[in-house]
Amino acid sequence: MGLTIAQKIIKAHLVSGEMIPGTEISLKIDQTLTQDATGTMAYLEFETMGIDRVRTERSVAYIDHNTLQSGFENADDHRFIQSIAKKYGIWFSRPGNGICHQVHLERFGIPGKTLIGSDSHTPTGGGIGMLAFGAGGLDVAVAMGGGAYYITMPKMIKVNLKGKLRPFVTAKDVSLEILRILSVKGGVGSIIEWGGEGVATLSVPERATITNMGTELGATTSIFPSDEVTRAFLKAEGREEVYTPLASDPDAVYDRVIDIDLSTLKPLIACPHSPDAVVTVESLKGTKVDQVCIGSCTNSSLLDMLKVAALLKGKTISPSVSVSVSPGSKQVLSMLADCGALTDILSSGARVLECACGPCIGMGFSPNSAGVSLRTFNRNFEGRSGTRDAKVYLVSPETAVAAALTGEITDPTLLGTMPAVTLPDAFRIDDSAVLAPASHEEAKDLEILRGPNIKKFPDAHPQENELSAELILKVGDNITTDHIMPAGAKILPYRSNIPYLSKFCFGVVDETFPERALAKGKGIIVGGSNYGQGSSREHAALVPLYLGIRAVIAKSFARIHVANLINAGIMPLTFENTDDYEALSQGDELVLSDVFAGMDSGKIVLTDKTTGRSFRLNADFTDRQKAILKAGGLLAYTKISGN
């Protein structure tokens, strides 16, 4: 039986386990990346391990999230990351050089290699045939130290593409179509491989848009073949020597096959507040728009920006709309300037922002109160934009431009003829903003620079055999990491200061939660389906740990978040009977009995002392995960085991 592309890469990097879906495997990791919102904590964790040099082929620290410097906090964190990168063998991408996923695709990604990053959209690398995973900072720290990365062996989903996209229909629309088909939970436990004759019609930037958005499906990762299109992209980047062809075997077996005819797709739009609330753009025509944001790691490539510039050339945006454009990298911005496209964007009345994540994480350019914002981003979770009552829609750059020009949601096919846009044969190469680390010998005398905003890692709590605690918070389905630990310009600067950050935990859901949790000292959270979907931010586990949360019981969990909970020493459990969720009420006194025996059997009994009822919970942990929980988290386990 033949192998899929992902299975071939997994086989070549397998450290332990067997390639049987649902069982635990561990992989050798070739590359890592971090960004500054998660990187400070990841490097503090790496320091704690006592390893004097990273052991990967390439590790890169990017500054792309916290680039607003309205106080000392972000600047101090950037200085800390730069100093630790230089000392420990990590390449450092300076502020302004670009968004981690865009820059990594351009300058460092290699087909057939493994990559994990402390950002959930790391699967962007699948656009050039990398096996790239989003992960928590602790997992990245372990990988930098030479440790393996543990995942559950995924199932394989094949998406067969046929035909060719029509004008004004884009890779973003392909992403929204698969979200419409599968939902935000449909990819859980699976790797999505894109194939079929239609793949050859998609450029690498278009493929990267699709693999980036695969994260919103809950997928382990997404991947495209590495073919002549890949070779041409790498050649244009001056890196053709790293090209390797990759394709699935003709007799590869998939757990599910989905067919999409590109030629039949229409412009699509995701409605508030979920990426899978997808309808056609034409069905919402006439909806007034207040703001348009173009950019993010999903749609900020040179191809995207050239299309935007061509559509805006000689036109003026509606006076009722505020428009931002954020190129994904310094390379993209420089090439826009060189060819005059940047002038076309500026002349339209749009504001050009820094090459950074910016509005996508609420870092500036928040909408007006109750405003309608069309964004070419990957997430439209409630409050993520920085304006709690904003209505955020996800669209392609073409649909974004149509709204910017007309002041309302407009089918971009009504704009007329799509201008011809092609990528150049060679990109402008300038790596001056990527700083190399010091040599091993030079690094011995280097000082790590720390600011007062950097606080210690939360104390670990070894798992107890009997846990008695209040149900401190009960929440519903699809609770995101933005609900648990919000982003935004006011909060992100404190990612390295867990005590201060804790004041905002679950603020979108219940502003009283932090105070109540601290007062109790120990608590349990109960959630619905897909708890913890969204970003890889481990702060959504570390902050609850600081607030005394010892267990989270849910109908189901998102993959990265359940790993982060275990790494933090918080026990994630699921209901054997999901109907039991309804029987529990916030404020109930709960008891988890015989926890260690329950871990071994896979079932733990929960008793609600308030009502007298008992329930069975699933405790589906590997031996390694049990040991991590018993030790009080991955850091404590690593110190004990030496792994």
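# A guided tour from a buried threonine

Begin by selecting Thr32, which is buried at a relative accessible area of 1%. Buried here means under 20% relative accessible area, exposed over 50%, and partly exposed in between, with a 1.4 Å probe and protein chains only. The model is predicted, so local features need pLDDT of at least 70 and side-chain atom pairs count only at pLDDT 80 or more, whereas totals for chains, interfaces and linings use all residues. Residues are numbered from 1 along each chain as its sequence is written, and side-chain values use heavy atoms, with hydrogens and water left out.

Thr32 has its place in strand β3. Helices (H or I, at least four residues) and strands (E, at least two) are DSSP runs, numbered from the N terminus. Display the residues in contact with Thr32, leaving aside neighbours within four places in sequence: among them are Arg58, Ser59, Val60, His104, Val140, Ala143 and Met144. Contact means heavy atoms within 4.5 Å.

Next, select residues 31–35 and residues 58–62. Strand β3 (residues 31–35) pairs with β4 in the parallel sense over five bridges; two strands pair if DSSP finds at least two bridges between them. Within this pair, Thr34 stands opposite Ala61 in β4. Strand β4 (residues 58–62) is mostly covered, with four of its five residues buried.

Move to α5. Which residues of α5 are buried? They are Gly137, Leu138, Asp139, Val140, Ala141, Val142, Ala143 and Met144. Because eight of the eight residues of α5 are buried, the helix is largely enclosed by the rest of the structure. After α5 comes Gly146, with a positive phi near 100°.

Now colour the largest nonpolar core, which has 102 residues; those with the most contacts inside it are Phe506, Phe513, Ile525, Tyr531, Met571, Leu573 and Leu592. Helix α5 (residues 137–144) gives the most to this core, with six residues. A nonpolar core is a set of buried Ala, Val, Leu, Ile, Met, Phe, Trp, Tyr and Cys residues joined through side-chain atoms within 4.5 Å. In soluble globular proteins, nonpolar side chains tend to be buried together.

Centre the view on Leu573. Apart from neighbours within four places in sequence, Leu573 is in contact with residues including Val552, Ile553, Phe557, Leu592, Ile604, Leu617 and Phe621. A second, separate core of 58 residues includes Val60, Val281, Val308 and Ala341.

## The largest pocket

Select Thr152, Arg559, Val562, Asp620 and Gln625. Of the 40 residues that line the largest pocket, these lie nearest its centre. The pocket holds about 1,000 Å³ of space. On a 1 Å grid over the protein atoms alone, a pocket is an open set of points where a 1.4 Å probe fits, with protein on both sides within 12 Å along at least five of seven lines; lining residues have an atom within 4 Å of a point. Grid points are joined across faces, edges and corners, and the volume is the space filled by probe spheres set on the points.

Which element gives the largest share of the lining? Helix α18 does, with six residues. By class, the lining has 19 nonpolar, 14 polar and seven charged residues. Ala, Val, Leu, Ile, Met, Phe, Trp, Tyr, Cys and Pro count as nonpolar, Asp, Glu, Lys and Arg as charged, and the others, Gly among them, as polar.

From Thr152, step to Glu24, whose bridge partner in β8 is Thr152. Four bridges join β2 to β8, and these strands run antiparallel. Strand β2 (residues 24–27) also pairs with strand β1 (residues 14–16) in the antiparallel sense, over two bridges, and Ser16 stands opposite Ser26 in β2.

## Loops and backbone features

Select Pro327, in the loop between β16 (322–325) and α10 (330–339). Pro327 counts as buried, at 1% relative accessibility.

Ser183 has a positive phi of about 80° although it is not a glycine, and at 22% relative accessibility it counts as partly exposed. Ala370, in the loop between β17 (351–352) and β18 (372–375), is likewise not a glycine and has a positive phi of about 55°.

End at His273, in the loop between β13 (268–270) and β14 (278–280). The peptide bond from Pro272 to His273 is cis, with omega near 0°.
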